[in-house]
Amino acid sequence: MPNLYSDEEGILDALAERDVDASIKFWDDEDVDWEEAGLVVVRSVSDYAQRRDEFLTWTKSVPRLLNHPDILDWNTDKHYLKVLEEEYGLPVIPTTWIEAEDELSKHRVHSRFPALQDFVIKPAVSSGLRDIGRYSAIDPAARRSAITHVMDLLGQGRSVMLQRYREEIDTHGEISLIFFNGLVSHSVEKKAMLHPSHVTDASMHETLTTAREATSEEWRWGEEIRVALHAYVKARLGRDEQFLFNRVDVVPDGQGSFMVMEIGLTDAQLYLDSSPDAMQNFADAISVRAHW
């Protein structure tokens with residue numbers, strides 16, 4: 001993206017106040033010498049979904065990149081949710097994975113749709129809300145539209161996630177817990193933005209949000225997820241790696257616990273305008289790492 005997200009527009013001034021000389025650069029600008037940067041922080045790279053291989057190659061060429069290139073590697077493909085569930089026991093939204101290499105017919109794709117309740121179709125590699133659709137299981141026209149949506153994604157060689165729509169999102173919203181350098185910063189509640197038989201516009205990145213204090217139980221959920229994430233990082237890298245920023249999206253499961261919706265370690269919007277301290281917290285986190 002050509003600019004930072006709107007909620008991050010004050011970050012350069014905040015960093016200047018901390019004696020950090022920061023500037024905004026395009027990740028694919030061939031005229032930039034990344035060797036000269038003391039630290040590179042990945043932010044609004046929402047085009048990575050269309051150019052993931054190219055983007056990941058670039059991440060491995062940058063000397064000091066945050067978050068770490070290997071973290072960006074697995075976090076840009078939502079198959080990580082399957083790993084976190086199967087290997088680390090985190091509760092995630094139940095998902096049916098439809099892979100392009102399976103070469104499923106329209107009939108076999110349709111057979112995977114639920115008979116009742118709304119369901120969501122999304123690509124495994126995507127940014128924000130792009131290319132996500134919510135469909136009614138009991139509406140024949142909606143089911144036909146869902147088949148077309150899935151087949152279009154598969155035709156592009158993209159993996160597809162099929163999930164039942166969680167009605168708790170309509171009631172309670174989706175909760176985002178934001179951590180900087182492993183420390184609690186702030187939280188927001190995101191309103192439902194997916195409507196039946198609707199595919200999000202390609203320019204859409206995020207949802208409507210409301211700032212609110214997370215409960216101690218919700219922060220406990222976030223910490224439980226964070227512990228599992230660091231175990232995964234250690235298994236991949238052979239050592240732990242601190243996350244500069246980490247957004248954990250959860251929804252209550254209706255039984256006193258939670259389900260993980262998504263983990264944002266790449267281009268996640270951090271809602272820095274939702275709390276008086278959020279911008280300063282992020283600037284402090286970057287400054288600490290710049291002077292590490």
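This is a predicted model: local features need pLDDT of at least 70, side-chain atom pairs count only at pLDDT 80 or more; totals for chains, interfaces and linings use all residues.
Is arginine 52 buried or exposed, in terms of relative accessibility? At 18% relative accessibility, arginine 52 counts as buried, where buried denotes a relative accessible area under 20%, exposed one over 50%, and partly exposed a value in between, computed with a 1.4 Å probe on protein chains only. Residues are numbered from 1 along each chain as its sequence is written, and side-chain values use heavy atoms, with hydrogens and water left out.

Arginine 52 is placed in helix 2 (residues 52-59); helices (H or I, at least four residues) and strands (E, at least two) are DSSP runs numbered from the N terminus. Its side chain is joined to that of threonine 76 by a polar contact of 2.8 Å, a polar contact being a pair of N or O atoms within 3.5 Å of which, within protein, one must be able to donate a hydrogen and the other to accept it, with residues adjacent in sequence counted only if both atoms are side-chain atoms. When residues up to four places away in sequence are not counted, arginine 52 touches Asp73, Thr76, Asp77 and Val125, contact meaning heavy atoms within 4.5 Å. The side chain of arginine 134 makes a polar contact of 2.9 Å with the side chain of aspartate 118. The C-alpha atom of aspartate 118 is in turn 8.8 Å from that of glutamate 167, the two residues being 49 apart in sequence. Glutamate 167 is exposed, with a relative accessible area of 53%, and occupies the loop between strand 6 (160-164) and helix 7 (168-172).

In soluble globular proteins, nonpolar side chains tend to be buried together. A nonpolar core is taken as a set of buried Ala, Val, Leu, Ile, Met, Phe, Trp, Tyr and Cys residues joined through side-chain atoms within 4.5 Å. The largest such core in the model has 29 residues, and those with the most contacts inside it are Trp74, Ile225 and Ile263. At least two residues of this core are supplied by each of helix 3 (69-75), helix 4 (80-88), strand 7 (174-180), helix 8 (216-237), strand 11 (245-252) and strand 12 (258-264), and helix 8 gives the most, with 7 residues. Isoleucine 263 touches Asn75, Tyr80, Leu84, Ile225, Leu229, Asn246, Arg247 and Val248, with residues up to four places away in sequence not counted. A second, separate core of 21 residues includes Leu15, Leu66, Leu244 and Leu272. Helix 8 also contains alanine 235, which counts as exposed at 57% relative accessibility.

The largest pocket has a volume of about 820 Å³. A pocket is defined on a 1 Å grid over the protein atoms alone, as an open set of points with protein on both sides within 12 Å along at least five of seven lines, in contrast to a cavity, where a 1.4 Å probe fits but cannot get out; lining residues have an atom within 4 Å of a point. Of the 33 lining residues, the closest to the pocket centre are Ser23, Ile24, Leu39, Val40 and Val41, and the elements that give two or more residues to the lining are helix 1 (11-16), strand 1 (40-41) and helix 9 (278-290). By class, the lining has 23 nonpolar, 3 polar and 7 charged residues. Isoleucine 24 is placed in the loop between helix 1 and strand 1 and is partly exposed, with a relative accessible area of 42%. The C-alpha atoms of isoleucine 24 and valine 40 are separated by 9.7 Å, at 16 residues apart along the chain. Within this classification, Ala, Val, Leu, Ile, Met, Phe, Trp, Tyr, Cys and Pro count as nonpolar, Asp, Glu, Lys and Arg as charged, and the others, Gly among them, as polar; for the volume, grid points are joined across faces, edges and corners, and the space filled by probe spheres set on the points is taken.

Most residues other than glycine have a negative phi, and most peptide bonds are trans. A cis peptide bond, with omega of about 0°, joins leucine 66 and asparagine 67, and asparagine 67 is placed in the loop between strand 2 (65-66) and helix 3. Phi is near 50°, a positive value, for glutamate 103, which is found in the loop between strand 3 (95-98) and helix 5 (106-110) and is exposed, with a relative accessible area of 69%. Phi of asparagine 181 is near 50°; asparagine 181 lies in the loop between strand 7 and strand 8 (183-190) and is buried, with a relative accessible area of 14%.
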